[in-house]
Amino acid sequence: MTEFLTSTDTAELVSLRRELHRRPELSSQERETAARIVAELERCGADEILTGLGTHGVAAVYDSGVEGSTVLFRCELDGLPITEISTFGWRSEIDGKGHLCGHDGHMAILCGLARHLSAHRPVRGRVVLMFQPAEETGAGAADVIADPRFAHIRPDFAFALHNLPGLPLGAVGVRPGPFT
């Protein structure tokens with residue numbers, strides 16, 4: 001079996017997560033974060049990148065060219081209006097703002113999936129990677145769905161992830177419908 005990502009990919013994604021962690025932006029203000037994600041996605045061979053969805057949302061489309069389902073994976077762009085008190089070398093550089101809910105990690109995970117998709121295209125249908133704005137205020141999903149361009153990428157199936165402290169390393173919890 002081929003590696004999902006190389007050790008170089010992993011190191012670069014860790015660096016990306018730390019970069020994003022240092023520069024959090026609040027809901028509906030994710031301009032620089034979205035631009036950084038677009039720069040990363042441009043390296044990853046997406047067939048199409050949509051920007052400005054519902055304010056600053058970004059979607060990368062990987063299209064097989066063969067009829068099939070559209071599967072969307074979603075993460076968040078925004079940080080929280082909370083001062084970070086950690087002493088990590090990659091702590092927030094912006095007073096009163098922090099990626100303290102894991103959104104920086106979620107973005108890096110989807111960028112990792114983009115790297116994988118650039119080398120392992122979908123066999124049929126499409127895969128859409130959605131970087132959603134304003135998750136913390138609850139406005140982002142509604143704004144993205146209300147954007148007329150969303151109809152172009154409307155998924156048959158949508159998946160999101162969130163950190164869930166307490167699960168063992170490597171474990172994944174799944175349930176239908178909304179969760180966290």
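In which sense do strand β2 and strand β4 pair, and over how many bridges? Strand β2 (residues 57-63) and strand β4 (residues 126-132) run antiparallel and are joined over six bridges. One place to look is Ala59, which stands opposite Met130 in β4. Here, two strands count as paired if DSSP finds at least two bridges between them. Strands (E, at least two residues) and helices (H or I, at least four) are DSSP runs, numbered from the N terminus.

Before going further, a word on the model. It is predicted, so local features need pLDDT of at least 70 and side-chain atom pairs count only at pLDDT 80 or more, while totals for chains, interfaces and linings use all residues. Residues are numbered from 1 along each chain as its sequence is written, and side-chain values use heavy atoms, with hydrogens and water left out.

Now step back to the whole sheet. It is open and has five strands in the order β1-β2-β4-β3-β5, with mixed pairing. At its edges are β1 (48-53) and β5 (157-160), each of which pairs on one side only. Ile49 has Ala60 in β2 as its bridge partner. The two strands form a hairpin with three residues between them, and Gly54 in the turn has a positive phi of about 60°.

Let's turn to helix α1 (residues 7-22). Its 16 residues, at 1.5 Å a residue, should span 22 Å, and the end C-alpha atoms are 23 Å apart, which agrees; the expected span is 1.5 Å times one less than the number of residues. Asp9, Leu13, Leu16, Leu20 and His21 of α1 are buried, meaning under 20% relative accessible area with a 1.4 Å probe, protein chains only. Down the axis of α1, the buried residues fall within an arc of 135°, so they line one face of the helix; the arc is that of the directions from the helix axis to the C-beta atoms. These residues pack against α2 (31-42) and α3 (103-119), with contact meaning heavy atoms within 4.5 Å.

Finally, look inside. The largest nonpolar core has 23 residues, and Ile37, Leu41, Val58, Tyr62, Met107, Leu129 and Phe131 have the most contacts inside it. Such a core is a set of buried Ala, Val, Leu, Ile, Met, Phe, Trp, Tyr and Cys residues joined through side-chain atoms within 4.5 Å. Two or more residues come from each of α1, α2, β2, α3 and β4.

How values were computed: Buried means under 20% relative accessible area, exposed over 50%, partly exposed in between (1.4 Å probe, protein chains only).
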